[in-house]
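Please find below my comments on the model under review. They are set out as numbered points, to be read beside the sequence and the structure.

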Amino acid sequence: MLAAAMLSVILISFTAFFVLGQGKGETVSRTEQKDVENLNGLNSRNAVLMDLEAGEILADKGADEKVYPASLTKIMTAVLAVENIPDLQESITVPDGIFPGLYAEGASLAGFCPGEEAVGMDLIYGVLLPSGAECCLTLAGRIAGSEEAFVDMMNEKAGELGMDGTHFTNSTGLQDENHYSTVRDISTLLRYALENETFRQVFTSSRHSTSPSACHPEGFTFVSTMFQEMSSAQVNGGEILGGKTGYTKDAGLCLASLAVIDGKEYILVTAHANGNHETKQYHVQDAVKVYDQIGKS
């Protein structure tokens with residue numbers, strides 16, 4: 001009987017090890033008692049799941065592989081804006097000269113007009129919700145005088161946070177072979193950013209209406225690029241609170257998200273899912289799948 005009981009324990013332990021997919025490139029914390037989804041089953045090539053409060057990595061896949069972060073870059077842009085503009089209600093001019101280059105690159109835009117006088121807080125919402133590149137360049141110029149100088153600040157902050165696998169060359173995430181990160185580094189950045197209540201307020205919003213301006217006398221409204229792809233934010237035992245999407249051809253579909261499940265908050269960062277803006281949004285599907293699995297356990 002004793003031998004049979006010991007064999008049963010061994011088999012259960014082996015099964016748990018196999019299901020969690022612990023092996024090269026993928027680890028699962030033994031202190032986490034939940035049946036975390038095997039990250040090898042995701043559409044995304046790279047993924048990391050973190051316990052927000054503890055900062056503990058619960059599961060990862062290719063967490064330290066170099067990835068192109070696409071618009072996940074804008075998390076850093078928004079962090080620096082929140083930290084370096086003392087009065088977020090100040091009026092900031094959206095420069096005319098930034099638009100030709102953005103049009104040529106096919107960059108995503110929030111909808112501000114060339115020369116528009118925009119409220120700083122509206123620009124930060126424009127960075128994180130509709131992923132507006134014009135907002136990034138406007139804030140970069142306001143804070144550092146130029147995007148080049150702002151990028152130096154981005155890399156300095158990355159160094160302070162221990163993001164050793166990250167190097168930025170722009171504030172928007174437009175493709176550049178020297179602009180790269182890892183999903184582990186992005187999770188570190190997002191955890192840091194969420195400590196700031198202003199950043200958290202913006203990141204967890206599904207939509208935002210801007211203040212009136214000459215170009216938009218009644219203001220205008222934009223929505224989160226993540227929430228607009230979801231029929232519901234509810235998952236088993238909780239909900240997805242916010243997220244920042246990203247996409248370029250080289251980066252694939254990327255997502256950095258925050259969820260609360262059974263009273264505990266989690267960060268999930270995924271990158272390099274196949275697809276594009278015209279296909280199923282596999283990065284969002286991955287987030288729902290992982291968070292649902294946590295809630296089931």
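1. Which residue in β2 is the bridge partner of Leu49? The partner is Ala59. The structure is a predicted model, in which local features need pLDDT of at least 70, side-chain atom pairs count only at pLDDT 80 or more, and totals for chains, interfaces and linings use all residues. Residues are numbered from 1 along each chain as its sequence is written, and side-chain values use heavy atoms, with hydrogens and water left out.

2. The protein has nine helices and 10 strands; these are DSSP runs numbered from the N terminus, helices being H or I of at least four residues and strands E of at least two. Of its 297 residues, 52% count as buried, that is, under 20% relative accessible area with a 1.4 Å probe and protein chains only.

3. Strand β1 (residues 44-51) pairs with strand β2 (residues 56-61) in the antiparallel sense, over five bridges; pairing requires at least two bridges found by DSSP. Ala47 has Lys61 as its bridge partner in β2. Four residues lie between the strands of this hairpin, where Gly55 takes a positive phi near 75 degrees.

4. Strand β1 is also joined to strand β10 (residues 264-273), by seven antiparallel bridges. Here Asn46 has Ala271 as its bridge partner. Seven of the eight residues of β1 are buried, so the strand is largely enclosed by the rest of the structure.

5. The largest nonpolar core contains 66 residues, of which Ile75, Phe112 and Phe199 touch the most other members. Such a core is a set of buried Ala, Val, Leu, Ile, Met, Phe, Trp, Tyr and Cys residues joined through side-chain atoms within 4.5 Å. A second, separate core of 22 residues includes Ala59, Phe227, Val290 and Ile294.

6. Leaving aside neighbours within four places in sequence, Phe199 is in contact (heavy atoms within 4.5 Å) with residues including Ile75, Val82, Leu128 and Leu194. Among contacts in the protein between residues at least 6 apart in sequence, 63% join residues at least 24 apart.

7. The largest pocket is lined by 25 residues, and Ser71, Ser108, Gly246, Tyr247 and His277 lie nearest its centre. A pocket is an open set of points on a 1 Å grid over the protein atoms alone, where a 1.4 Å probe fits, with protein on both sides within 12 Å along at least five of seven lines; lining residues have an atom within 4 Å of a point. Strand β8 (residues 238-248) gives the most to this lining, with five residues.

Key. Buried means under 20% relative accessible area, exposed over 50%, partly exposed in between (1.4 Å probe, protein chains only).
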